[in-house]
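A question about one side-chain pair comes before the topics.

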Amino acid sequence: MGRAFQNRKESMLKTSIAKAKVYSRAGREIYVCAKAGGPDPETNAMLKGLIDRAKRDQVPTSVIDRAIEKATGGGGEDYAAAYYEGYGPGGTMVIVECLTDNPTRTFNEVRHTWGKGKGKMGNAGSVSHMFDHCGILRFAGKTEDEVLESLLEADVDVTNVEDEDSMITVFVPNTEYHKAKTALAESFGALDFDVDEIQFLAQNPVQLTEQEDIDAFTKFLEMIEELDDVQKVFHSAEL
């Protein structure tokens with residue numbers, strides 16, 4: 001019984017830590033967005049998207065409200081976006097997105113962890129040209145033709161529209177993300193998005209088949225994602 005209890009306690013602790021990281025990252029993104037574009041989600045489309053995503057990730061309303069209140073209070077941390085890129089185990093390509101109030105600290109932490117994880121950090125542009133920076137919107141309840149017609153009528157530069165298992169996925173250049181979302185809202189009203197993000201998608205995914213490479217890459221990813229300033233990690237690995 002003692003060992004079983006200890007296992008449950010450790011599992012609960014890991015879950016609690018994971019939730020705390022999700023809450024912290026969501027709160028930081030919302031704070032930065034509200035500070036830059038205003039605290040009203042009705043006039044700040046990016047903020048509205050972040051709030052919707054946070055709610056899907058079960059981030060408490062108190063965390064969201066606190067981040068917005070902090071942004072409207074003046075002062076506070078001055079976060080800036082930072083991107084780092086390079087190679088992970090097994091020849092994978094990796095982009096790390098951070099929000100930091102101390103770029104020197106963040107750079108050193110990411111570089112140290114990258115090396116520790118058996119990867120090689122590169123210079124800006126070393127692998128990002130092998131990714132597409134795109135907005136992704138995924139939802140149900142509409143047909144591919146309806147969605148494509150709506151976007152084209154709004155003069156949205158559409159990369160692709162996919163219909164799979166009754167779920168529509170729209171891919172657009174990252175610069176067209178807000179325009180696409182506005183066009184969909186005007187055509188169909190409120191949509192329940194399963195995915196609503198801007199991501200880096202690898203043009204040539206790397207299939208990891210050797211268990212040694214899979215284990216090394218998984219460990220590398222865990223170490224990078226544990227860093228406080230890391231918001232998202234994009235990679236080319238297919239496990």
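What kind of contact joins the side chains of Thr 169 and Arg 138? In this predicted model, the two side chains are joined by a polar contact of 3.4 Å. The two residues also belong together in the strand pairing, as Arg 138 stands opposite Thr 169 in β6.

- Thr 169 lies in strand β6, which covers residues 167-173.
- Thr 169 counts as buried because its relative accessibility is 10%, and the cut-off for buried is under 20%.
- When neighbours within four places in sequence are left aside, the contacts of Thr 169 are Ile 136, Leu 137, Arg 138, Asn 160, Val 161 and Glu 162.

**The sheet containing β6**

- This open sheet consists of 4 strands in the order β5-β6-β4-β7, and the pairing is antiparallel.
- The edges are taken by β5 (160-164) and β7 (195-202); each has a single partner strand, so one side of each lacks a neighbour in the sheet.
- From one strand to the next, the twist averages 25 degrees.
- Strand β4 (residues 131-140) and β6 run antiparallel and are joined by 7 bridges.
- Helix α5 (residues 144-153) lies across β4, β5 and β6, and runs at about 160 degrees to β5.

- Strands β2 and β9 run antiparallel and are joined by 5 bridges.
- Within this pairing, Val 94 has His 235 in β9 as its bridge partner.

**Nonpolar cores**

- The largest nonpolar core has 17 residues, of which Val 96 and Trp 114 touch the most other members.
- Two or more residues of this core come from each of β1 (80-88), β2 (92-100), α4 (103-116), α7 (211-225) and β9 (230-235).
- Helix α7 provides the largest share of this core, with 5 residues.
- Not counting residues up to four places away in sequence, Val 96 touches Ala 82, Tyr 83, Tyr 84, Trp 114, Ile 224, Val 230, Lys 232 and Val 233.
- Another core, of 16 residues, lies apart from the largest one; Ile 30, Ile 51, Ala 71 and Tyr 79 are among its members.

**Cysteines**

- The structure holds 0 disulfides.
- The closest cysteine sulfur to that of Cys 98 belongs to Cys 33, and it is 18 Å away, which is too far for a bond; a disulfide requires sulfur atoms within 2.5 Å.
- Cys 98 counts as buried, because its relative accessibility is 0%.
- Cys 134 is likewise in no disulfide, and its nearest cysteine sulfur, that of Cys 33, is 19 Å away.
- Cys 134 has a relative accessibility of 7% and therefore counts as buried.

Conventions
Residues numbered from 1 in each chain as written. Predicted model: local features only at pLDDT ≥ 70, side-chain atom pairs only at ≥ 80, totals over all residues. Heavy atoms only, no water. Buried < 20%, exposed > 50% of the residue type's maximum accessible area, 1.4 Å probe, protein only. Polar contact = N/O pair within 3.5 Å; in protein donor to acceptor, adjacent residues only side chain to side chain. Contact = heavy atoms within 4.5 Å. Core = buried A, V, L, I, M, F, W, Y, C linked by side-chain atoms within 4.5 Å. Pairing = 2+ DSSP bridges. Axes fitted to C-alpha atoms, helices over the stretch in contact; angles between N-to-C directions.
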